[in-house]
Amino acid sequence: MERDLDNANPTILSVSQLPSRRRKGPAARHGPDSRCDALVYPKHHWPFASSSSPSSDDDDGDDADEPVDAQDVYDLISTISDPEHPHTLGQLSVVRLPDIHLSPSPAELPSPDSLLTVLVELTPTINHCSLATVIGLAVRCRLEQTLPPNYRVDVRMKDGSHAQDDQVNKQLGDKERVAAALENDTLQRMVDKMLETCA
Amino acid sequence: MAQFKQWALEYVLSDDEPVQLDIARKAAKEIESSRASSTVVGGWAASVQQWMTPAHADDDQMDDGDEGGSGDIIARAKVLRLIGFFGSMFSYDHKAGITASAKALRQLYSMKAFKPDMGVKILDDVCKIKDDFRLQTAATRLELYELFLSLVQDPAVASELRHKYGPSCGFVLDLLQVCQSERDPRNLMVWFKILALLLTDYDPTPEVTDEVFKVFSAYFPISLRTSATPIGITAEDLKEAVRSCFSAHQRVASLAFPFLIQKLDQGDAVTVSVKVDILKSIKACIEQYDNPQASVVPYIEKIWNSLKYEVRNGEVKETIDATLEVLRAIARKLDGTKTHKLDASSLKAYVDLVSRDCQPDLSNPTYTKQAGLLYMTVVTANIRAYALYNASFIDTIRQNLRQPKSPVHTRDLILLLNSLLKTRTELFRDRKQGHADDENTLREEIRSHLDTLFHDVYLPVWTSKSKESTSDERDVLKQVMQGLALLVSQQILQSDETPALLCPASICSEICSLLTLTLTRSLTLSSNDNDADDTTLEDEAVSALRTIAMNYTDGYTEFADRATAEIKKRDWNNPSEYSLNALKELLSRFSFIGCSEIPSNIATEPPSQKQFSPLQHFITLTASLLELFPLSSQPSSTSAAALANATVISSLHASIIWFRDACETKYGKEALGSQTDGSQNWLDEFRQLPEDWLSQLCQGSGVVLPALEESDPKVYAEFLKLGLFTVRYLYRSAAAGPRATWSERALVQLSQMTALVVQSLDEKLQVACNLADQAVNLFLAPDEKAAQPEAGVDEGILTLGILQGLWPGALAGLYKPGGEAQRLMCDTSKLGPSPSRESDIRAAIGAILANKYKGGPSTSDPDSIVMKAVLDFWATYLTTSTAPSSPTDSTFPAYNTIAMNVLSAAAARQDKHLLPLIPTLHAAAASPHPAGETVASSLGLLLTPNPLLTAANHATVKRFHKQWTYAHLAKPLLPLAQPTPSGDKLLATRYRIAVLAVVGNCPLAVYQDDLPALIKLLVTALSDREGIDLDETAAGQVSAALGVLVEILAHEPEAVRGYIREIVGGATKVYRDCSPASYVSPSGAAGCRGLALQVLGAVAGRFEERHVLAYAPATQRMLAVACGDPARKVREVARRARAGWAKIG
């Protein structure tokens, strides 16, 4: 028998409403007259570059220094699937950009190897969500798998967002308990399933 | 034995005497040649025996020896007897014989001696099988169905059947009884065909019709179970077959319509596909039945009452569409055919019925759209219905628009009005295809309600909504814009049969200015007042104005005047970014509106002052833009002003692209060649014309163009002529006028635009206009040219524009020994130290000239002297520059780039004169002189695709030129580049650099055969930069090696299995070495790191775990750190690689 859902009717954001790294510069035009824009308003107006070495014009800024920021962390975890809805944590607003904090900011790190803490505060869709711990575990796993070793990960429930946030926070903050939880095959499978949608 | 039986059967069935004789002969021979003759004779006797009924066994009528005048009668009797024999099979329970008998009967039917009355007998006989028919196999039954079908559709048999049975059609009832429970799809297909034939050809009594109807209607709705073994028949075929029974003849109308409607009215029990099937069947009946007064009219009300809810409350698009099709079919049927119009009363009654139900719904926002759709479908089904009812329909919409319930209601009502106008356009366009009366009806149409649409409907809505900016209101405005465009394009038939615009010019002009205002607004507003994010409204206005400009041609002139006036009002000496964007938008739309289609010549009231020309919009636009240029005469002060100037040139370029596309769509690509004789020198004509010819044309004075209709393909040639005039004018202004107005960006746009115009001309025309010379003279007379100072880059850009578009044949004049081409290809006049704008331009010009060179037999240069001279020149240059004794020259890289581009263009057409040069290149690359390293690392340029050498530019790029170049240039170096402890280290290093530079620009297929030798070089390249002086060379070799490794790992991972340790180690080292502070440029370093991680990631996925396990811990640690890389793109690659390696161990 199918288990009753904790929250049968959550609010869902569409993908276009999620925070994302917007392209720099004016938006591309879409009107009927924009078809030959690429030819008459080219991105680089000098089409005759003859040597293979990239000229200064080619530098579109993508390769410049871009230290890890909250948006990067958001992109890593917002695509995790919810365990009971066919939506991502970003769409359900369980993960929110303003609730991701990096300290100290990576741009200000004294050396690349110095320690840095990522704090992610989760907001369950309802305050008695029984899956909050699993979601927290998945977020933790995802970040540990994708962030460099000098990043310390701290996943918590946002204050007041969960009836038992103290207990859940305690579980998520305890290394031993996290490791023990991942020994459990069922839990591990569930987490793997949730992480499948992460690119 | 079996043979005899077969022969006997063939003998009996054969109609042909020689064939029979042949069979007899074969049998005789068989008997003669056999040893145990008695058995054989017995076998023969047995085989013949079965064909002789006891009573007639001795009858010599079977004997073919009897020949005489009674042959026909004899044959007939024979056939009759055979029919008797086989027919009798069906009376007894003779299971094994049925198939054979059915086959035999079909054979007999096709014989010459077969007579229609025999068909009647066959049917009689076969029907005796009765219920046993069901017990036969499907194949046997199919045989019988085919037999029935042949008989029933044979006109002679049919008339015999009618004669014998009369309208009671007794045989039909027998047939129905025999075949009634068929289920095999293949058989059903034939059976339905028979049933349809029975209804159409046999005139059955109502009782029989009823029986037939019962049989096929029992199958409705038919479906087909999906089967593992496809039989070549789809469910759709079966549906079609049943449908053709329903629509076979109007005599089933009284049964079919109630039956189908009753099926439809079952409500939710009916699935969408069944519903569509029913609707299609009803439509087929309506369309196929004759005498609609009797067959369709009585059921219309019933059909309407049942169908209207499918649209009114329906949600599924398929059923809605199918329903509307039915309603439209009724209206068309009631109108009559192309040759015979029916009385209007039934059509009127039908439309009245529909409008009675729909009109009240139009005031209810929930149903407006659906009710309108229903009403409109019926009203616009044909010209007569339209003429009778459009006024009242529009009136209803108008009344509802006065008291709209919501913006959505307004939008839906406007949408309906627009759809009506759109359909009117279609009816008008197709007016000649229907009955002759239709055109008269259109001519006499009452139009007062259409005339007032703008002031009564569209304008009030526009005025009330244009202030607001909610998305619903914007939707309404978009609909209004579409409606305005449709309104302007409405045409009427004048008394002399020519079309004219419905709206008077004053209204068209008012509409134009309304829409123009929407587009010029962004220029007049300040950036704070304009929310530029959503341009859909403006885009809609653009589409509307485009439609208007194509029909009401004066509208474009009005738009142009308004737009240019607005632009001129502004000061462009230091425009803001917002103003620049607004200018770009406006000019881009300006080009699109006028030039993306060829305008039509439609009369207006009062008639236009201007004589129509398909090119008039292009002329207006070009003249306006040339008048605007330059927007700022001192652009050097700020780059924004230069951008404004360049935008004008970009828009001219865009207009050429649009109009050329429009010409090619309308007249085809070949239109030009057939319209020009190639002997005209347009440039000579241009010299006679004033410089402001285009603005004179625009005002209708001076030398005018030949009068052309829009359908005349000559338009294309005339357009290119105007294009070339524009190009010439601008070239002269750029080359001889004040330099300040021309920024590099504007010049490049001009050059690209020129390339487009020139490449569109055919070779003869290019030669006739002597365009090759203009590449050097830039459309200036020799004395004007001499007065100009040399202006390197600018002039080069202009030259390049013309050269790019020329056909090789048209360039021949330049390739004289010591001529212009040779001078341009071997230009070593002063240059800066590293590749710069100057060297870029020279390289591009050199490449084009080297590629378009045509030497060899049957050309003016049979011994390819020019090309040889050019190649020799560069060979000597490279040799001298890399000679150990020569001084280090900082300008060498720039010249080297030019040389490589020239060689590369020759390599693209696989010029064999390049081959003797290759040892020189190898030697230059190997030279210990520092310039040698530059040569080695730049050899990749020989294979880099040059964006200028395209088919559109008439360049020659052979398909296998990469293979050719690789085989001659890089392959011989592979053994020499291998690192050996004893060999010359520098030599090997240089060769390795050269090989990697080449291979890095080739697809895997080119070097696939040399992988073993190549991989060693790749591995060395990752870790060893000994002997490399320049950082760029080292970075280039590393990134080339990584790129090639990525390719190999993706497609041929087995080839590198022995080198996993080296590759993992090498890639890790590259990642560490290419830190942002390393020897490589920051962007190059990030690229290298990304590639290195890509290689590592590929290694994890491509090999069995045991091969990579040893490197897992170190690599995992390294990848974990790489996830914090400063570059975002690299972090992404690192994460993917890390996920791959995480699975190992």
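In chain A of this predicted model, the secondary-structure elements follow the order α-α-β-β-α-β-α-α-α from the N terminus. Of its 199 residues, 29% are classed as buried. Among the contacts in chain A with a separation of 6 or more, 69% are between residues 24 or more positions apart.

The average pLDDT of chain A is 81, and 85% of the residues reach a score of at least 70. A stretch with pLDDT below 50 spans residues 53-63 of chain A, and beyond near neighbours in sequence it has 14 contacts in the model.

Contact between the two chains involves 33 residues of chain A and 45 residues of chain B. On the chain B side, the residues that touch chain A comprise 20 nonpolar, 15 polar and ten charged.

Chain B is assigned six domains: domain 1 (2-52), domain 2 (71-217), domain 3 (336-498), domain 4 (505-806), domain 5 (836-855 + 877-998) and domain 6 (1003-1145). The centres of domain 2 of chain B and domain 4 of chain B, taken over C-alpha atoms, are 76 Å apart.

Helix packing was examined for one pair in chain B. Two packed helices are described by the angle between their axes and the distance between the axes. For helix α19 (residues 368-379) of chain B and helix α20 (residues 383-402) of chain B, the angle is about 150° and the axes are 9 Å apart. Helix α19(B) contributes B:Tyr375, B:Val378 and B:Val379 to the contact, while α20(B) contributes B:Ala385, B:Tyr386, B:Tyr389, B:Asn390 and B:Phe393. By class, the residues of this contact between α19(B) and α20(B) are seven nonpolar, one polar and no charged.

B:Leu151 belongs to helix α7 (residues 138-153) of chain B. Because 25 other C-beta atoms lie within 10 Å, B:Leu151 counts as buried. Leaving aside residues up to four places away in sequence, B:Leu151 is in contact with B:Tyr109, B:Gly119, B:Ile122, B:Leu123 and B:Val157. The C-alpha atom of B:Leu151 is 8.4 Å from that of B:Val120, and the two residues are 31 residues apart along the chain.

Several backbone features of chain B were also noted. Most residues other than glycine have a negative phi, and most peptide bonds are trans. The peptide bond between B:Phe220 and B:Pro221 is cis, with omega about -10°. B:Pro221 is located in the loop between α11 (206-217) and α12 (235-246) of chain B. A cis peptide bond also links B:Glu605 to B:Pro606, where omega is near -5°. The loop between α29 (577-595) and α30 (616-628) of chain B holds B:Pro606.

B:Asn770 is placed in the loop between α37 (763-768) and α38 (771-777) of chain B, whereas B:Phe779 is placed in the loop between α38 and α39 (782-787) of chain B. B:Asn770 has 14 C-beta neighbours inside 10 Å and is therefore partly exposed. B:Phe779, by contrast, is buried because 27 other C-beta atoms lie within 10 Å.

Conventions
Residues numbered from 1 in each chain as written. Chains lettered and ligands numbered in written order. Predicted model: local features only at pLDDT ≥ 70, side-chain atom pairs only at ≥ 80, totals over all residues. Contact = placed C-beta atoms within 7 Å. Nonpolar A, V, L, I, M, F, W, Y, C, P; charged D, E, K, R; others polar. Domains from an automatic or database assignment. Axes fitted to C-alpha atoms, helices over the stretch in contact; angles between N-to-C directions. Helix = DSSP H or I, 4+ residues; strand = E, 2+ residues; numbered from the N terminus. Buried ≥ 20, exposed ≤ 12 C-beta atoms within 10 Å, placed from the backbone. pLDDT = per-residue confidence, 0-100.
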